[in-house]
Each structure stands twice: as C-alpha cells, then as structure tokens.
Amino acid sequence: QEQITAKELTARSYDEKVRSLDAQIDALNSALRVKLEQARNKILQARLKVQSDSIRVVAAETEIRVAGEQLQRGEQQFTEGLLSKVELERRQVAQQRATANVIDARNKLLDARNELLNAQLDLDGIRNDYRDKLSKAESEKFASLSQRYTTEAEVSKMQVDLANYTVRAGNYYVTAPQRGYITKAVVTGVG
C-alpha cells in the first residue's frame, strides 16, 4: 500500500511539472511576441534611416553638381577677368566640401543599410532562438506526461496485484457453514 501511495505522489509530481512547463511555455510565447515586436520596430527604424540617408545622398549629389557647375563658370569668368582669384578659390573649396559631403552621405547610407540587414537577421535569430526554447519545453512536457501515464499504469497494476494478494490471503482459511473439524482437504482453492 505504501508503494502505491508513493507512486500516486510521483504521478501528482509529474502533473505539477506539466503545469509548470505549461506556464513556462506561455511565458516563452509572451516573451517571443514582445521580442518580435521590438525587432520589427528596429527594422522599421532602420528602413526609415535608410530612406532618410538615401534622401541625404541625393541632396549631396545635387550639391556637388551645383558646386561643379559654379566652379566651371567661375573658372571661365576668371579667365575672362570677371572673377577674382579669391572667389574662384572659394568655389573650389565649396566643390571639395560638396565632394566630402557626398562621400559622407554615401557612407552613412551604407551603414544604415547594414543596420537594416542586421535588424532583419536579428528577427530571424529571435525566431530561431525561441523556437528552440519552446521545442525543448514542449518536449519536456510530453516526456513528463509520458512518465505520468506510465506511473499511473504502474499504480493500477500495483492496485490489482494488491487486490489479488488480498483475495489469496483470504483463501488460506477454509470456512464452513457449520461448526466442525476438517479432517482432510481433497482439493485446494475456493469452495
């Protein structure tokens, strides 16, 4: 009987473990939703940054084109004597500054594109990480359920065995409907 009680307690502990794993799975699903939302927001921010930096590149390219045209007109005006050397040098500096701005804007655009790519990879990484965690928790849950069912089967078998032993123990005594002595038992068993 004590063994049966111990097995029943073991089955209950497996029930508790299953409930605990269910709670863990729910928590993992909630955390996954939050992490995915954060990753999607990061991707959106990265896309907007790429868009903003693309516009900055277009503006810088327009600036370099304008500075180049002004420098070209300035050189022509300088050869004709209509523009001073200082003004020509100012236009050359503006051209160099515009070139530097284009290079800087293109570098920022490349950085923004890399950030977007990394954010998309992070999203996939989060999905894979939580898929692994959820699979492990569900696997443990089903293993616990299997152990619980095995334990319940053992409890049932032990109860049947106990009932059989109880019946057999009752068969060691022969009872008669009237008082008397048994002098000889011809067949053993009930009856």
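How many of the chain's residues count as buried? Of its 191 residues, 21% do, buried being under 20% relative accessible area, exposed over 50% and partly exposed in between, with a 1.4 Å probe and protein chains only. This is a predicted model, where local features need pLDDT of at least 70, side-chain atom pairs count only at pLDDT 80 or more, and totals for chains, interfaces and linings use all residues. Residues are numbered from 1 along each chain as its sequence is written, and side-chain values use heavy atoms, leaving out hydrogens and water.

View 1. Helices (H or I, at least four residues) and strands (E, at least two) are DSSP runs, numbered from the N terminus. Among contacts (heavy atoms within 4.5 Å) between residues at least 6 apart in sequence, 84% join residues at least 24 apart.

**View 2. Here's helix H1, end to end.** H1 has 78 residues, and its end C-alpha atoms are 112 Å apart, which agrees with the 116 Å it should span at 1.5 Å a residue. The expected span is 1.5 Å times one less than the number of residues. Just after H1 comes Gly81, with a positive phi of about 85°.

**View 3. Asn29 sits in helix H1, residues 2–79.** Its relative accessible area is 27%, so Asn29 counts as partly exposed. Follow the sequence from Asn29 to Leu134 and you cover 105 residues, yet in space they are 7.9 Å apart, C-alpha to C-alpha.

**View 4. Now for Thr151, in helix H2, residues 85–170.** Thr151 is buried because its relative accessibility is 5%. Skip its neighbours within four places in sequence, and Thr151 is in contact with Lys7, Thr10, Ala11 and Tyr14.

**View 5. The largest nonpolar core has 21 residues.** Such a core is a set of buried Ala, Val, Leu, Ile, Met, Phe, Trp, Tyr and Cys residues joined through side-chain atoms within 4.5 Å. Leu32 and Ile126 have the most contacts inside this core. H1 and H2 are the elements that give two or more residues to it, and the largest share, eleven residues, comes from H2. Not counting residues up to four places away in sequence, Ile126 touches Leu32, Lys35, Leu36 and Ala39.

**View 6. A charge meets a ring: the charged end of Lys133 sits over the ring of Tyr130.** The distance to the ring's centre is 4.9 Å. To count, NZ of Lys or CZ of Arg must be within 6 Å of the ring centre and within 35 degrees of the ring normal.
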